[in-house]
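User: I am new to this structure. Could you take me through a few of its residues?

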Amino acid sequence: MGNIKKYLPILSDSIRSTTSIISIDNDNQTVTKETIRYINYNIVENELSWLNKLNDFNHTPKVISHNKNKLIL
């Protein structure tokens, strides 16, 4: 458990990894992923592309909005 807490410390309804912060909003039923490192590698655009390719599957989250460093699902 030590390594998990080191790399994914849980902050209330947020999980912080080395590259992003993922926040879960239960009231609005949304998940926000904000990229905090390696933004110039187009991480959000790459994830958006994959989510669009997987859109036909029921388990793929729907994209509500996005910008250069944030996805809201």
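User: Where does W50 lie?
Analyst: W50 is part of helix α2; helices (H or I, at least four residues) and strands (E, at least two) are DSSP runs, numbered from the N terminus. This is a predicted model, in which local features need pLDDT of at least 70 and side-chain atom pairs count only at pLDDT 80 or more, while totals for chains, interfaces and linings use all residues. Residues are numbered from 1 along each chain as its sequence is written, and side-chain values use heavy atoms, with hydrogens and water left out.

User: Is W50 buried or exposed?
Analyst: W50 is exposed, because its relative accessible area is 54%. Buried means under 20%, exposed over 50%, and partly exposed in between (1.4 Å probe, protein chains only).

User: And S20, buried or exposed?
Analyst: S20 is buried, with a relative accessible area of 3%. It is found in strand β3.

User: Which residues is S20 in contact with, leaving aside its neighbours within four places in sequence?
Analyst: S20 is in contact (heavy atoms within 4.5 Å) with I15, K33, E34, T35 and I36.

User: Changing topic, what is the phi of Q29?
Analyst: Q29 has a positive phi of about 55°, although it is not a glycine. Q29 sits in the loop between β3 (20-25) and β4 (30-35) and counts as exposed, at 70% relative accessibility.

User: What about the phi of N42?
Analyst: N42, not a glycine, has a positive phi of about 55°. N42 is found in the loop between β4 and α2 (43-53), and N42 is partly exposed, with a relative accessible area of 33%.
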